[in-house]
Amino acid sequence: MHSIGAAILGADGQPIGTLSIASPVSRVDDAVAAPGRSGDQGGEAISARLTGEA
């Protein structure tokens, strides 16, 4: 199983939720999974929208 998680932060910088992505190794190998930051970028984008920074 490949998985990644990122915090979703509120306006005060405190965590209010999480974003997680998981996939079986049979569908996503190490070469595909390693370079990605989509989980981090998704958490940052959601946090920015919630705090009015987007």
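Tutor: Gladly! Let's begin with a definition: helices (H or I, at least four residues) and strands (E, at least two) are DSSP runs, numbered from the N terminus. Do keep in mind that this is a predicted model, where local features need pLDDT of at least 70, side-chain atom pairs count only at pLDDT 80 or more, and totals for chains, interfaces and linings use all residues. Residues are numbered from 1 along each chain as its sequence is written, and side-chain values use heavy atoms, with hydrogens and water left out.

Student: Where does Gln14 lie by that definition?

Tutor: Gln14 sits in the loop between strand E1 (2–9) and E2. The protein chain has two helices and two strands, in the order β-β-α-α along the sequence.

Student: Why is Gln14 called partly exposed?

Tutor: Buried means under 20% relative accessible area, exposed over 50%, and partly exposed in between (1.4 Å probe, protein chains only). Gln14 has 47% relative accessibility, so Gln14 counts as partly exposed.

Student: What is Gln14 in contact with, leaving aside its neighbours within four places in sequence?

Tutor: Contact means heavy atoms within 4.5 Å. With neighbours within four places set aside, Gln14 is in contact with Ile8 and Leu9.

Student: Strand E2 holds both Ile16 and Ser23. Why does Ile16 count as exposed?

Tutor: Ile16 counts as exposed because its relative accessibility is 57%, and the cut-off for exposed is over 50%.

Student: And how do you know whether Ser23 is buried or exposed?

Tutor: The relative accessible area of Ser23 is 14%, so Ser23 is buried. Beyond its neighbours within four places in sequence, Ser23 is in contact with Met1, His2 and Val28. Across the protein chain, buried residues make up 20% of the 54 residues.

Student: What makes the nonpolar surface patch of about 280 Å²?

Tutor: Ile16, Ile46 and Leu50 make that patch. Like charges are joined within 9 Å, and nonpolar side chains (Val, Leu, Ile, Met, Phe, Trp, Tyr) within 5 Å. Accessible areas come from the Shrake-Rupley method with a 1.4 Å probe; for residues, only the protein chains shown count as cover.

How values were computed:
Patches are made of residues with over 30% relative accessible area and no salt bridge: like charges are joined within 9 Å, nonpolar side chains (Val, Leu, Ile, Met, Phe, Trp, Tyr) within 5 Å. A salt bridge is a side-chain nitrogen of Lys or Arg within 4 Å of a carboxyl oxygen of Asp or Glu.
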